[in-house]
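This report describes one protein chain for a reader new to it. Please look over the sequence and the model before reading on.

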Amino acid sequence: MANSIALAKAYTNLLDEVYKTASVTNDLTSDASLVRAGANANEILYPQIDVSGLGDYDRNSGYTDGSVSVVWRTATFNYDRGTKISVDSMDDEETFGIAFGQAASELMRTKVAPEADAFTFATLAGVEGISTTTGTYADASEFLAALIAAKNQMDEDEVPEENRILYATPTLINGVMGLDTTKSREILNTFAAVKKVPQSRFYTAIDLLDGKTSGEEAGHYQKADTGANINFMIIHKPCLMKWDKHAVSSIIAPDNNPDSDSYIVKYRKYGIVDVLANKVAGIYLSYQA
């Protein structure tokens, strides 16, 4: 039994690493210390803070009275997805242990990570009040001009430069890297990080397939009919709440499987992607009309 537990733990750690490597939005995960349980099990609370401004100083009466407002925003978890796959023990043995290990890794790399990224981007793109622009860019120079316009907008909105992350399609970023002058690429250095996002997970709206009904048996996600291709997004990390209350990948060895002589991997992610109402300026979206 001890060997089975050790094997399961090793597999679980491996799958976690595969997910972290494959996901492009993993670095947007919020600080769990800011989260509080809500009145209902499917709710969480997180703080939004506002302070009053300066007033006239009076040499007789002194300072004007200021105030601090801390409002605990109630939000409902909006992502609850999971799956279970099994591999017969003999199939695994006859492939020298490759079948199960590869299947579990492929699940994380090609399904879990892309879907989590696509859900994050689509959710943020649908938030009212964020800065948006539409269009396509014929070359890297046009893309850079669009980035400068986006940076100007966020600067004017007083969004801190620290923790701004640029997400863009590989085509756009690679185009900039191909420019001749270093000066042309300086705009990329103003971001805390620059991440390439494959177009296949970069839409303004997606449909999550339930894995049960006709035509959706394969599960996963697809671009929604109302969705558009995203060119790039700039996200100021402190503006959002991205947190997984429950993300678990568990391994069941054949000896512990009451139904069949198979390895089983179960995965479930239950979490939330939301934007603080007073920080919507922290998101800038460029998409194709």
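Which elements each supply at least two residues of the lining of the largest cavity? They are α3, β11 (240-252) and β12. Helices (H or I, at least four residues) and strands (E, at least two) are DSSP runs, numbered from the N terminus.

This is a predicted model, in which local features need pLDDT of at least 70, side-chain atom pairs count only at pLDDT 80 or more, and totals for chains, interfaces and linings use all residues. Residues are numbered from 1 along each chain as its sequence is written, and side-chain values use heavy atoms, with hydrogens and water left out.

The mean pLDDT (the predictor's confidence in each residue, from 0 to 100) is 85 for the chain, with 88% of its residues at 70 or more. Residues 1-6 have pLDDT below 50, and this stretch makes 3 contacts (heavy atoms within 4.5 Å) in the model beyond near neighbours in sequence. Where pLDDT is low, the predicted coordinates should not be read in detail.

The chain has 5 helices and 13 strands. Of its 289 residues, 42% are buried (under 20% relative accessible area, with a 1.4 Å probe and protein chains only).

The two spaces below were found on a 1 Å grid over the protein atoms alone: in a cavity a 1.4 Å probe fits but cannot get out, while a pocket is an open set with protein on both sides within 12 Å along at least five of seven lines, and lining residues have an atom within 4 Å of a point. A volume is the space filled by probe spheres set on the points.

| Space | Volume | Lining by class |
|---|---|---|
| Largest pocket | about 350 Å³ | 6 nonpolar, 5 polar and 5 charged residues |
| Largest cavity | about 100 Å³ | 6 nonpolar, 3 polar and 3 charged residues |

In these classes, Ala, Val, Leu, Ile, Met, Phe, Trp, Tyr, Cys and Pro count as nonpolar, Asp, Glu, Lys and Arg as charged, and the others as polar.

Nearest the centre of the largest pocket lie R81, G82, T83, E115 and H220. The cavity lining includes A116, T120 and K242, and β12 gives its largest share, 4 residues.

T25 sits in the loop between α1 (2-22) and β1 (36-37). T25 counts as buried because its relative accessibility is 0%. Residues that T25 touches include A116, T120 and K242, not counting those up to four places away in sequence.

Definitions and conventions. Buried < 20%, exposed > 50% of the residue type's maximum accessible area, 1.4 Å probe, protein only.
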